[in-house]
Number of protein chains: 2
Amino acid sequence: MQGAAAEDQGGSDKKPAVTSGEKFQKGQQSLCQLPIDDEQLQLAAAYVSDAQYNRNIQFETSPQAIRFYKLYNHWSTQGITYFFVLVDLLLGLFEDPAVYLLPIWVTSTVEFMCLLIFGLRLLHFSKITPTKVFWKDAKNICIIVSILLTVMDMIIYLTLTETGYFVVRWSRILRPLFCVNFTESRQLRRAFRNIRNTLPEITYVFVLFMFSVAVFSLMALKLFAKRKLKTGEGAPYFNNYLDIFFNLYVLVTTANSPDVMMPAYEISWAYSIFFVIFIIVNTYVFMSLFLAVVYNDYKKHLKNEVRKLVYMKHRKMIEAFDILKVKNGTEFVVLDSHWRQLVKLVAPEIPSSHRELLWRVSDEEQKGFVGRECFIRLADLLNIQVIQMKERVHPLENCMPNMYNSAVSQVIRRMVKHQGFRYTYDVIIVINAIFIGGDETNPLISKAEWVFLTLYLMEILLKLFAYEPRAFFAKSQFWNWFDTLIIIAALLGTIVNTALKSSGGYSSQQVLDIVFILRVLRLIRIIDSFQRFRVLLNTLINLIPTMLTYAGLVVVVYYIFAIIGMEAFKGRIRFYGANSSDPAAKYCGNLALKGSQFAALRYCKNNFNNIVSAFILLIELTVVNQWHVLATGFVKVTHLTARIFFVVFHIMVVIILINIFIAFVLEAFFVEYSLARSAVETAVERKIQELEMGDCMDHPAGNLVEAMETNENDFGNTGDKDLKSGLRFKIASM
Amino acid sequence: MQGAAAEDQGGSDKKPAVTSGEKFQKGQQSLCQLPIDDEQLQLAAAYVSDAQYNRNIQFETSPQAIRFYKLYNHWSTQGITYFFVLVDLLLGLFEDPAVYLLPIWVTSTVEFMCLLIFGLRLLHFSKITPTKVFWKDAKNICIIVSILLTVMDMIIYLTLTETGYFVVRWSRILRPLFCVNFTESRQLRRAFRNIRNTLPEITYVFVLFMFSVAVFSLMALKLFAKRKLKTGEGAPYFNNYLDIFFNLYVLVTTANSPDVMMPAYEISWAYSIFFVIFIIVNTYVFMSLFLAVVYNDYKKHLKNEVRKLVYMKHRKMIEAFDILKVKNGTEFVVLDSHWRQLVKLVAPEIPSSHRELLWRVSDEEQKGFVGRECFIRLADLLNIQVIQMKERVHPLENCMPNMYNSAVSQVIRRMVKHQGFRYTYDVIIVINAIFIGGDETNPLISKAEWVFLTLYLMEILLKLFAYEPRAFFAKSQFWNWFDTLIIIAALLGTIVNTALKSSGGYSSQQVLDIVFILRVLRLIRIIDSFQRFRVLLNTLINLIPTMLTYAGLVVVVYYIFAIIGMEAFKGRIRFYGANSSDPAAKYCGNLALKGSQFAALRYCKNNFNNIVSAFILLIELTVVNQWHVLATGFVKVTHLTARIFFVVFHIMVVIILINIFIAFVLEAFFVEYSLARSAVETAVERKIQELEMGDCMDHPAGNLVEAMETNENDFGNTGDKDLKSGLRFKIASM
């Protein structure tokens with residue numbers, strides 16, 4: 001370890017780790033050093049790499065297939081696939097109804113290129129995996145069918161459009177399938193599988209819930225139909241079973257409360273009991289029941305998924321072990337030289353000192369080989385991101401040691417590291433907040449902005465002077481990155497803005513908006529000063545990767561609904577600009593909407609006339625409030641289509657997706673929260689500190705890895721505690 | 001057991017259980033039969049009773065105190081207290097602003113009586129518990145202070161009102177304290193304690209959440225203030241920080257989505273990104289975080305509460321054991337004669353056969369005494385409600401055996417018990433549903449109703465003929481009770497209605513409404529035909545007791561807000577009747593509301609002019625939708641008071657109470673759900689069946705009780721499965 005540390009201080013990662021490695025090999029010459037076949041090593045590396053990244057791909061073991069496989073998993077080919085998946089999805093922006101319309105031949109050519117790439121990717125995959133396995137995999141079939149259908153649809157569309165027919169480009173809803181079905185979006189597929197597994201259970205609750213609404217609707221019909229009541233708009237109130245059903249379904253979402261109750265309530269307070277019971281039963285109890293069922297099932301299926309993953313990882317590691325094993329007495333082992341070569345192949349980016357650390361953890365008794373159990377642990381060890389932040393020498397100290405170590409410099413450095421420095425800047429932030437709130441056309445305030453910018457810039461420079469720059473900008477230093485980026489961006493923005501203003505007296509609103517937002521974002525930093533809030537915020541930040549998976553899922557669902565909505569409703573509702581004097585602007589260009597609540601509330605821009613509007617509208621529907629107004633607006637225009645579309649969207653997204661999201665956050669939060677308080681982190685800290693002090697190579701991190709494995713979940717991120725002592729362990733998410 | 005079973009068949013519970021008891025005593029004459037002091041027995045019984053009902057009261061051990069204590073726990077004194085707590089709360093209906101105004105002297109006298117009863121109850125309690133303990137207990141102090149304050153307030157109010165001053169009866173908000181602080185509402189107090197314990201944790205998240213809203217508000221100010229935009233109503237849009245903050249706070253509750261976004265969205269879709277991010281961060285992430293924190297803490301505190309309860313129960317049982325113990329060799333034991341006397345004292349309602357069963361379970365080896373561990377288990381055994389439903393002889397068979405056993409009778413009985421009988425009635429219910437949906441003034445339909453009523457009545461009579469009536473109306477037969485009650489009520493209602501109609505051609509709308517609701521309720525029975533739904537519905541029914549505790553809590557919180565709201569806002573907003581032609585009806589009798597959205601939406605009846613209106617309004621606020629319209633309505637009338645009142649209510653009820661409710665339902669549901677699938681129920685069934693066959697007195701239900709204790713929760717109700725074999729175990733909730 002001493003050797004590794006010394007090597008690291010030199011900072012030369014290119015030099016292979018022979019110094020310390022040789023030392024151990026010399027000590028273990030008793031075991032015969034079998035030379036290892038390069039092809040076998042490549043195969044083993046492929047298995048270990050699969051285990052490390054939880055890839056569940058069955059590949060052929062021929063050297064060529066393995067080379068292909070390596071290429072398949074290379075970031076460049078993955079990146080290309082991702083890029084074209086994105087391009088394919090973004091095509092929606094340029095096709096009719098478009099944000100910016102491109103000629104059909106352009107979009108068609110791009111789409112064809114995307115399909116070509118997808119086809120090539122699949123062909124590539126077919127070279128890797130055994131033919132039988134390839135054709136058994138549902139997602140390959142799904143991709144092939146999607147490509148064929150899309151090509152077919154494109155041909156039909158192009159020929160028929162040329163001949164003047166109206167055709168729907170229905171195959172566009174297949175696009176998210178590419179996003180879901182390419183291997184890279186494993187997480188997304190898992191999330192979808194979870195939803196599919198949860199569906200049967202939800203269905204029972206849903207049927208019971210619908211029955212409950214139906215029974216209440218019948219009661220409402222009997223109670224109110226005879227009264228000939230009028231709603232606020234003068235329409236007949238509760239006189240038709242289907243209307244009542246729709247109204248009460250909307251009431252479950254609380255979107256028309258209390259309006260739907262008012263006409264009856266005005267007659268007698270006793271009728272409000274009906275509505276109160278309805279809301280308690282259907283909104284509170286049933287919706288909680290949905291959440292409970294979804295959460296229960298979600299947890300159960302997640303556990304199964306994780307179990308499968310762990311099993312698969314184990315199997316892959318055993319395969320790798322079986323390739324490299326040599327007999328040592330009664331047991332099979334892997335020699336350290338093979339192990340080192342393997343790790344170098346699997347993770348060439350790992351510095352030799354880190355590799356040495358991993359080896360010490362694996363071969364705890366310094367025997368020169370590892371057994372099966374220890375070898376299997378390698379996949380997890382590789383996932384632990386160790387960031388070494390040794391007390392490096394400040395670059396300035398190297399360049400001009402006299403200046404850097406002078407008395408003034410030392411006073412400054414001590415001052416910056418003092419608590420008071422932080423408090424001073426907290427006070428500055430608070431004062432800044434007041435100035436931000438002020439009117440920026442006031443010259444005092446616009447000058448103050450320069451003062452604040454200078455102060456913040458000074459803070460960063462002082463810190464860079466006091467702390468070692470590489471340590472200051474380490475991956476774990478979220479707030480340092482945040483501060484610096486915000487300040488530099490604000491500085492650039494302010495300079496650009498001032499330049500624009502002084503050059504032509506013209507100030508770009510877009511630039512100004514961005515500058516304003518950057519200024520306000522600066523205030524967030526104050527949270528970092530309170531331990532309690534920092535923990536909460538770190539929890540939230542750690543949830544982001546998981547939430548992004550979820551966001552992918554939402555985008556896929558939204559995309560399908562957006563495409564369908566655009567085909568069904570495009571051009572039906574028009575927006576005439578904010579200050580249009582066109583009389584049609586009053587009813588969104590559709591006479592059916594004349595006098596409707598939709599038009600009265602100025603909802604005209606909520607339409608399906610391009611994919612951006614469609615997404616925003618779908619988000620509004622997800623938020624639920626006023627969804628019935630939006631829905632009835634479209635119902636007035638297109639009748640049954642809209643009714644089905646909006647109700648299906650509501651059930652799919654609000655009842656299922658949102659509850660899964662909450663289950664998602666709840667589970668992730670419980671894991672984060674319990675980890676933040678558990679002894680695991682403390683144990684990790686202690687272990688690393690021990691290791692760093694170099695006095696306990698005989699205490700391997702073995703139990704630490706076991707402790708990690710007990711967190712059987714997708715969200716195994718432990719918090720981002722920065723350890724002042726230097727080394728940092730971070731358990732990467734699966 | 002044979003003896004006990006025979007005794008039970010005789011059905012004479014009055015005869016003491018000596019037959020079988022003596023038999024065992026004769027077999028165990030080796031141990032000397034010490035006579036037991038009656039006073040000591042009473043003391044032990046008090047301890048056991050406390051343990052059984054989880055009462056945590058420290059009482060004095062003098063014979064007189066124990067007699068007092070027994071009286072204190074008697075249903076009559078408890079009933080009186082509950083009654084006066086209810087009367088005290090209901091006084092709100094008759095005090096200004098009243099639903100039905102009573103003279104002050106009436107309400108004051110009644111309130112004084114209530115206070116007297118509360119005082120007496122407390123005096124009673126002080127006689128039981130040691131003086132020191134009494135004065136240390138916060139809830140006693142709380143009651144005394146509340147009584148004193150209320151008396152003081154009443155005196156001030158009466159004197160000042162007489163002299164013409166305007167005074168506020170502020171002590172009315174103390175009334176719910178009586179509800180919370182009397183021992184009987186232990187569950188309620190526990191729920192409150194849970195909330196109090198969860199508060200600090202929530203506070204941190206809440207501050208962070210408020211900070212987030214504040215930062216977003218500042219951004220919105222910078223982005224939109226300069227644009228001079230107008231809202232849909234033509235008011236200036238986002239030009240003042242406090243207004244923005246309020247609007248964005250409302251947006252978190254989604255109540256003003258998407259309206260609040262539309263003016264900015266009309267300018268550019270890019271601005272909608274601001275609102276979308278706001279909603280994702282504050283509505284979805286923060287609100288989920290609230291739920292996660294509340295749920296996490298709730299679970300933790302619940303576990304502590306249950307642990308304390310179990311410890312307390314254990315201690316009380318040891319106290320009882322120490323009183324009754326006699327030395328047997330090296331260990332202390334309780335003799336069977338003492339045990340029997342004790343059980344008879346603690347639970348005189350238990351029939352001797354059941355007592356014998358409990359004894360057999362306790363003294364598994366038939367030694368004639370029980371050890372400490374077995375004795376402690378008694379508190380749990382007493383809570384297991386065993387309902388014996390032996391194959392009794394049908395009363396008709398006793399009266400006229402010839403007729404009942406005739407061929408025709410047997411065919412009918414077999415027919416009724418056949419599956420087809422059930423399906424026939426399912427079809428009838430579906431047909432009935434269609435008829436209910438029809439117009440009841442149609443003579444065909446009103447005649448059909450009589451046919452259906454006859455059919456249902458016939459069903460019940462046939463079932464009573466086929467099944468033994470006491471078994472048919474057993475406690476566990478929820479659906480039989482439900483059917484019978486609904487049918488009889490509908491029959492009565494229809495008869496009353498027809499009588500009214502034929503007598504004066506007048507048909508009471510109230511009676512008709514009830515009849516309609518009863519008719520519709522009948523349809524619910526169809527759920528019972530589907531196994532899957534039955535399980536779900538039973539889960540829901542089992543949740544009811546827990547939810548009622550929660551409802552109590554909500555009522556307490558609502559009551560306080562209602563009283564405050566009534567004092568602050570009474571008479572400010574007036575409702576002029578549904579069809580009033582008074583011009584003031586257009587603006588709810590308050591010129592400040594002229595042209596407001598509140599008046600336009602006809603919300604005038606949502607006011608604080610009596611306690612019923614106040615409660616309904618508070619429920620509407622809890623449902624959240626349009627709460628900002630209601631709030632701004634009151635803000636227009638009373639400014640700051642209303643703003644504070646409505647925001648505090650929203651934070652208290654929607655953010656805290658509703659999340660706790662969801663945590664409550666989630667937890668209860670998980671427990672119910674896991675129990676429904678666990679082996680516990682099956683184990684219970686098997687055990688009882690074994691016991692009933694009388695062949696396994698040597699297999700005590702010991703492990704069964706242990707299995708129950710592992711369900712460490714408040715909701716330990718196992719499902720209502722009815723065992724056809726006869727005996728039924730039900731584990732009562734704590």
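Is Phe275(A) buried or exposed? In this predicted model, Phe275(A) has a relative accessible area of 1% and is therefore buried, the cut-off for that class being under 20%. Phe274(A) is buried as well, at 8% relative accessibility.

The aromatic pairs over all chains come to 104. Phe274(A) and Phe275(A) make one of them: their ring centres are 5.2 Å apart and their planes stand at 90°, so the pair is edge-to-face. Another pair, formed by Phe569(A) and Phe608(A), is tilted, with 5.4 Å from centre to centre and 35° between the planes. This pair links distant parts of the chain, 39 residues apart: Phe569(A) belongs to helix H26 (residues 531-569) of chain A, while Phe608(A) sits in the loop between helix H27 (597-600) and helix H28 (611-623) of chain A. Phe569(A) and Phe608(A) are both buried. They also belong to one aromatic cluster, whose members include Tyr558(A), Phe561(A), Phe598(A), Tyr603(A) and Phe615(A).

Lys605(A) lies over Tyr265(B), 4.8 Å from the ring centre. Arg532(B) lies over the face of Tyr204(A), at 4.5 Å from the ring centre.

Asp50(A) is buried, with a relative accessible area of 0%, and Lys316(A) counts as buried at 5%.

Glu95(A) and Arg175(A) also meet in a salt bridge, at 2.8 Å from N to O. Here the partners are 80 residues apart, with Glu95(A) in the loop between H5 and helix H6 (104-128) of chain A and Arg175(A) in helix H9 (residues 175-181) of chain A. The relative accessible area is 8% for Glu95(A), which is buried; Arg175(A), at 1%, is buried too.

In chain B, Glu449(B) forms a salt bridge with Arg522(B), the closest N and O atoms being 3.1 Å apart. Glu449(B) is in helix H22 (residues 443-466) of chain B, and Arg522(B) is in the loop between helix H25 (509-521) and helix H26 (531-569) of chain B, 73 residues apart. Both Glu449(B) and Arg522(B) are buried. In chain A, salt bridges that share partners form one network, and among its members are Glu95(A), Arg175(A), Asp88(A), Arg172(A) and Glu567(A).

Helix H3 (residues 38-52) of chain B has 15 residues and spans 21 Å from its first C-alpha to its last, close to the expected 21 Å. Among the buried residues are Leu41(B), Tyr47(B) and Asp50(B), and the cover over the buried residues includes helix H4 (63-73) and helix H13 (270-324) of chain B. At the N-terminal end, Asp37(B) caps H3(B), a side-chain oxygen lying 3.1 Å from the backbone nitrogen of Glu39(B). After H3(B) comes Asn54(B), with a positive phi near 55°.

Thr81(A) is in helix H5 (residues 75-90) of chain A and is buried at 3% relative accessible area. Its side chain reaches the backbone oxygen of Thr77(A) at 2.8 Å. Beyond neighbours within four places in sequence, Thr81(A) contacts Phe118(A), Arg121(A) and Phe182(A).

Definitions and conventions:
Residues are numbered from 1 along each chain as its sequence is written. Chains are lettered from A and ligands numbered from 1 in the order in which they are written. This is a predicted model: local features need pLDDT of at least 70, side-chain atom pairs count only at pLDDT 80 or more; totals for chains, interfaces and linings use all residues. Side-chain values use heavy atoms; hydrogens and water are left out. Rings of Phe, Tyr and Trp (its six-membered ring) pair if their centres lie within 6.5 Å; planes under 30 degrees apart count as stacked, over 60 as edge-to-face and the rest as tilted. Buried means under 20% relative accessible area, exposed over 50%, partly exposed in between (1.4 Å probe, protein chains only). Helices (H or I, at least four residues) and strands (E, at least two) are DSSP runs, numbered from the N terminus. A charge sits over a ring if NZ of Lys or CZ of Arg is within 6 Å of the ring centre and within 35 degrees of the ring normal. The expected span of a helix is 1.5 Å times one less than its number of residues. Contact means heavy atoms within 4.5 Å. A polar contact is a pair of N or O atoms within 3.5 Å; within protein, one must be able to donate a hydrogen and the other to accept it, and residues adjacent in sequence count only if both atoms are side-chain atoms. A salt bridge is a side-chain nitrogen of Lys or Arg within 4 Å of a carboxyl oxygen of Asp or Glu.
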